[in-house]
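Hi,

Here is the structure I said I'd pass on.

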Amino acid sequence: MTLNEILDRLGITENRLMDTYTVKHIKPREDGRMETVIRKGDTYEQLTVYGMLRLRHKSDNKVYPYVICRCNCGNYTLVMLHNLIKINSNTKSCGCLNGECNESHGMTGTRLYSEWAHMKKRCSYTHKRHEDYYDRGIRVCREWENSFTAFKEWALANGYNDNLIKSYFHTFFCLEYKER
């Protein structure tokens, strides 16, 4: 994704981006610091910080800091700041290290995308109720785990629409998933 595509999608201009951002920590980090300063040009794995901004998250209506980064492969990506700086972060690139160069599906924030993201969380061993899914052997197939587009194509081909009642969709998905 290009920088202009990200800015257009967010409906902002480049002058709204901040060059520095200070994160205050609740507990001291391993090195004893109580805050981390993020600057334009800082590098985290394959990602170089281009600018920071604060955005209202659609799921809980709270404002969170985000970072626009340039990946070594040349793509730009938008990352929640805490996902970038947390210790042992899984955020290392735009997605190119996982074999998908930050697919631009334009559906972040939609109901279907939310269902996909929550499905992946529920089936993870780190989920607070992992005994309901992960411990029972319920997993997300590798194809869906790594690609929202693959999940979206399957869901639409199998009758998904935004008007489905939530409990019906979960039942529909679980039944179909077991058959996959």
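At 24% relative accessibility, Arg-111 counts as partly exposed. Before I say why I start there, please keep in mind that this is a predicted model.

Arg-111 has a charged partner: it forms a salt bridge with Glu-115, and the closest N and O atoms are 3.8 Å apart. Both residues sit in helix H3, four residues apart, which is about one turn of the helix. As a reminder, an α-helix has 3.6 residues a turn, so residues three or four places apart point the same way. Is Glu-115 buried or exposed? Glu-115 is buried, because its relative accessible area is 5% and the cut-off for buried is under 20%.

How many salt bridges does a search of the whole structure find? The count is two. The other pair to look at is Arg-129 with Asp-132, where the closest N and O atoms are 2.5 Å apart. Arg-129 is partly exposed, with a relative accessible area of 48%. Asp-132 is partly exposed too, at 23%.

Back to H3 for a moment. This helix covers residues 111-122, and its twelve residues should span 16 Å at 1.5 Å a residue; the end C-alpha atoms are 16 Å apart, so the model agrees with that. Its buried residues are Leu-112, Glu-115, Trp-116, Met-119 and Arg-122. Looking down the axis of H3, you would see these buried residues fall within an arc of 130 degrees, so they line one face of the helix.

Now the wider picture. The protein chain has six helices and six strands, and along the sequence they follow the pattern α-β-β-β-β-β-β-α-α-α-α-α. Of the 180 residues in the chain, 35% are buried. Among the contacts with a separation of 6 or more, 48% are between residues 24 or more positions apart.

Next, the sheet. Four strands make an open sheet in the order E3-E4-E5-E6, with antiparallel pairing. Strands E3 (43-44) and E6 (76-80) stand at the edges with a single partner strand each, so one side of each has no neighbour in the sheet. Helix H1 (residues 3-10) packs on this sheet, where it touches E4, E5 and E6, and its direction makes about 50 degrees with that of E6.

Within the sheet, E4 (residues 47-56) and E5 (residues 63-71) pair in the antiparallel sense over nine bridges.

What about the two sides of H1? Leu-3, Ile-6 and Leu-7 are buried. They cover an arc of only 95 degrees around the axis, which puts them on the same side of H1. The cover over the buried residues of H1 includes E4, E5 and E6. On the other side of H1, Asn-4 and Asp-8 are exposed. Just after the helix, Gly-11 takes a positive phi of about 70 degrees.

Glu-45 counts as exposed, because its relative accessibility is 52% and the cut-off for exposed is over 50%. Which residues does Glu-45 touch, not counting those up to four places away in sequence? They are Thr-91 and Lys-92. Thr-91 is 46 residues from Glu-45 along the chain, and their C-alpha atoms are separated by 8.2 Å.

Happy to go through any of this with the model open.

Cheers

Terms used. Residues numbered from 1 in each chain as written. Predicted model: local features only at pLDDT ≥ 70, side-chain atom pairs only at ≥ 80, totals over all residues. Heavy atoms only, no water. Pairing = 2+ DSSP bridges. Contact = heavy atoms within 4.5 Å. Axes fitted to C-alpha atoms, helices over the stretch in contact; angles between N-to-C directions. Expected span 1.5 Å × (residues − 1). Buried < 20%, exposed > 50% of the residue type's maximum accessible area, 1.4 Å probe, protein only. Arc of directions from axis to C-beta. Salt bridge = Lys/Arg side-chain N within 4 Å of Asp/Glu carboxyl O.
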